[in-house]
Amino acid sequence: MLTQAAGDFVFQPYALLRRGQNKWDGWYDLQHKNGSPIRSFVRVPSLEGFADAALACQAAEILAEWDMAQGHVHPTR
């Protein structure tokens, strides 16, 4: 599910299960409203991961909002 962000941006938070572990990592993709990507596969920095996929998604949403507020919306290289 895409989440409305500031201005012409939308982001999609998601969680991926760590390989061989029962822990989740939070990730997000940022794109223009028209669907063109800006940043993809941005991982929430977490050494331990999250016990719950919903918490990992919530952390990704918070990071996406923080990154946009800080002006970190340049394309991934």
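Which residue follows α1, and what is its phi? I looked: α1 is followed by Gly71, with a positive phi near 85°.

Ground rules for myself. This is a predicted model, so local features need pLDDT of at least 70 and side-chain atom pairs count only at pLDDT 80 or more, while totals for chains, interfaces and linings use all residues. Residues are numbered from 1 along each chain as its sequence is written, and side-chain values use heavy atoms, with hydrogens and water left out.

Confidence next (pLDDT is the predictor's confidence in each residue, from 0 to 100). The protein chain has a mean pLDDT of 87, and 84% of its residues reach 70 or more.

I found Ala56, Ala59, Ala60, Leu63, Ala64, Asp67 and Met68 buried (under 20% relative accessible area; exposed is over 50%, partly exposed in between, 1.4 Å probe, protein chains only). They cover an arc of only 165° around the axis, which puts them on the same side of α1 (the arc is that of the directions from the helix axis to the C-beta atoms). The face turned away from that buried side carries the exposed Ala54, Ile62 and Ala69.

At the N-terminal end I checked the cap: a side-chain oxygen of Asp52 lies 2.7 Å from the backbone nitrogen of Ala54.

Last, I looked up Asp25, which sits in strand β3. Asp25 counts as buried because its relative accessibility is 8%.

Conventions:
Helix = DSSP H or I, 4+ residues; strand = E, 2+ residues; numbered from the N terminus. Polar contact = N/O pair within 3.5 Å; in protein donor to acceptor, adjacent residues only side chain to side chain.
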